[in-house]
Amino acid sequence: MRVNVEIINHALVHAPKTIENLNEKELVKKMILRRRLSRASKILINLAHKCEYKTGVMVYGSAYGELIDTVSILESIKNENIVSPTAFQNSVYNTAASYHSIVEGNTSEILTLSCGDSTSYNVMQQGALSLLKNEEVFVSTIEAMNFEGVEIFNKCGAQLEYGIGFSIKKTDKEANTVVNAKEQKGVPASLSWMKNLYDICESKDSVVIEVEL
Amino acid sequence: MKKVYINATSIKSACGDTGQTFDAVFNKKSALVRHDNIVPQKTVCIGKFKEKNSFEDLLIQSVEEVLSESDLEDFSNTLLLVGSSVGGMATTEEVLFRDKKYDNIDIEKHTIDVIASTLDKKYNFLNTRSFSTACTSSANALKVAKELINYGAYENILVVGADAMCMTTVFGFSSLGILSDEMCTPFQNNRKGMNVAEGIATLLVQNKKLENSIELKGAGTSSDAHHIANPDPSAAGAMSAIKNALKDASLTPDKLSYVNAHGTGTQANDETEAKALEEIFGKGIAISSSKSNFGHTLGAAGAIEAAICVEILKRQTLAPQILTSDNEKDLNFVENATTAKIENVLSNSFAFGGNNTSLIFGVCHES
Amino acid sequence: MVKIDTLKEKLIEGLSLEDIEIDEIEDDMPLFGDEGLGLDSVDAIELTLILEKEFGVKVTDMANAENIFASSSSLVNYINEQLEN
């Protein structure tokens, strides 16, 4: 079954190591909440803001999740130090989407997917399903992998922080483009499909795609 | 909208296999064990598999069991939906704690996706998708399965909830001060916290009604938008998820006979959930939490407890909870397995980040 | 004797408080709840870890935790009382 999806807004942020100018002080004014945000949380809040999306269904994806906090917990256990409760509560894969909901007061459905290299495509599929019951949905995929020792794993030289987001709606218009998952240098594989879609959005005024549920 | 049927289930829990888990639940047996040698200077009570097979073996056994019980030859026309909160973390820990360095860790074996990719290699599904929303992971997978079948997008969906025991979650919940040193006593005045446990459950969800089908009638979610780990004490989020499930099932609260609660044994969850249940159902509805039997299986909880709800409906028997003291709201907890006319039951799952998912299962009626 | 400013410094560092100077945390300002600094239950746990790690003080009187953790001055008084014994 297919759903035709129109892209309303699109946003992208990335950096080889750390994304500057996520504008978190403006976007999350309460310091006591802001200080808890993980990197992926700040990136998601930034992307959603750029797409003018505050409340409503959100579908978020990350192949690797909250690696910085995960590594911190593993290090604590390995070195026989006490595990930080803050690091643990921030280590679940849905951390970023949850913090966005807390910052924006979003009580709608939030889903988090983690599907390896096909994460960003699967996130869009889930977004398309959600559009059958909701007017507008925000879909995004983020990898935030800037932790000490990441070089051991980063054989393909992907940028360590990468996030892409789209606000989408269902449409009766015909699809006017097809997106593939061709990998691009520096883009984490889990984001390839969304990066290709983002590039199309940058070059076309109106983008409508057909998404297989 | 096509109706949605659960046509086969299997469980692996601290209590054992499917039959052993049902036996433990209906006969009030607990498989939770106290350990002094895991977290330094603390006793923790957790639920580990008895079987010595690898997690991967148990995963495949669980899926094989469902395949053999089903009307399918294979899974080539089946979508796989996985719900897991830790994915391959246990493998990562094994390598890291053994080698004391990260060099030998295979990052592809660490992620959530490892479960789906392991099963896909063996069974060649139509496609796979994995959800990771902490303790609602597999409940959300079931909700998505329902929607996809409702819309006719798929005929067969296999939902697998799976979380292996890892030190990250044991130490993590312990650091939050909510890991009990004894078997949990959900909703009771003497409750001290939860018990981390490992678990696997597989459910075959289809658009086809068979002789022993149980219907997945409703699914509802919401977000608390309150705190990353503590539930909203007003219970607004929990109530919203339950009401959304009722609306989705086109049922009023009086049509439900029983609630399989999220009931973890923590002060916060149980107080909030009790509030939500009393508000919506009053004090009369039968309630039990199965977490005293096999613990809190985190990402697998939604699926395991769904399988228990299916069994409750098949047996037309309310599952009891192991009760050791009074409960603070004087709600109607099931003391002993009781046969009753059970039409519809509710299963709740509430997670870190304020993610709430409620599922309604019921007896099928039309031919 | 632990100085109150040292404690505040450790609080800022240990609880990742941002854009706040030591003198902005008044001695008697409530640490918890929306009226004061706004720390929550997870911060309370992190605080007990900070006390142990930075000052070698274990919080044994958990029943009285609300009073001990009420403000920077009550906290520094508790630490110094414990260190004296």
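Predicted model: local features only at pLDDT ≥ 70, side-chain atom pairs only at ≥ 80, totals over all residues.
View 1. Among the contacts in chain B with a separation of 6 or more, 79% are between residues 24 or more positions apart. The secondary structure of this chain comprises eleven helices and 14 strands, and 62% of its 367 residues count as buried. A compact globule with 367 residues would have a radius of gyration near 21 Å, and the 19 Å of chain B agrees with this. The C-alpha trace of chain B spans about 60 × 50 × 40 Å along its principal axes.

**View 2. Helix H2 (residues 55–69) of chain B.** At 1.5 Å a residue, the 15 residues of this helix should span 21 Å, and the end C-alpha atoms agree, since they are 21 Å apart. Phe55(B), Leu59(B), Ser62(B), Val63(B) and Val66(B) are buried in H2(B). Seen down the axis of H2(B), the buried residues fall within an arc of 90 degrees, so they line one face of the helix. An α-helix has 3.6 residues a turn, so residues three or four places apart point the same way. Asp57(B) and Ser68(B), on the other side of H2(B), are exposed.

**View 3. What covers the buried residues of H2(B).** The cover includes helix H3 (89–99) and helix H5 (113–123) of chain B, together with strand E1 (5–12), strand E6 (156–163) and strand E7 (199–206) of that chain.

**View 4. The contact between chain A and chain B.** Chain A contributes 43 residues to the contact and chain B contributes 45 residues. On the side of chain A that touches chain B, H6(A) gives the most, with five residues, and by class this side has 23 nonpolar, 16 polar and four charged residues.

Terms used. Residues numbered from 1 in each chain as written. Chains lettered and ligands numbered in written order. Contact = placed C-beta atoms within 7 Å. Helix = DSSP H or I, 4+ residues; strand = E, 2+ residues; numbered from the N terminus. Nonpolar A, V, L, I, M, F, W, Y, C, P; charged D, E, K, R; others polar. Rg over C-alpha atoms; globule rule 2.2 N^0.38 Å. Buried ≥ 20, exposed ≤ 12 C-beta atoms within 10 Å, placed from the backbone. Expected span 1.5 Å × (residues − 1). Arc of directions from axis to C-beta.
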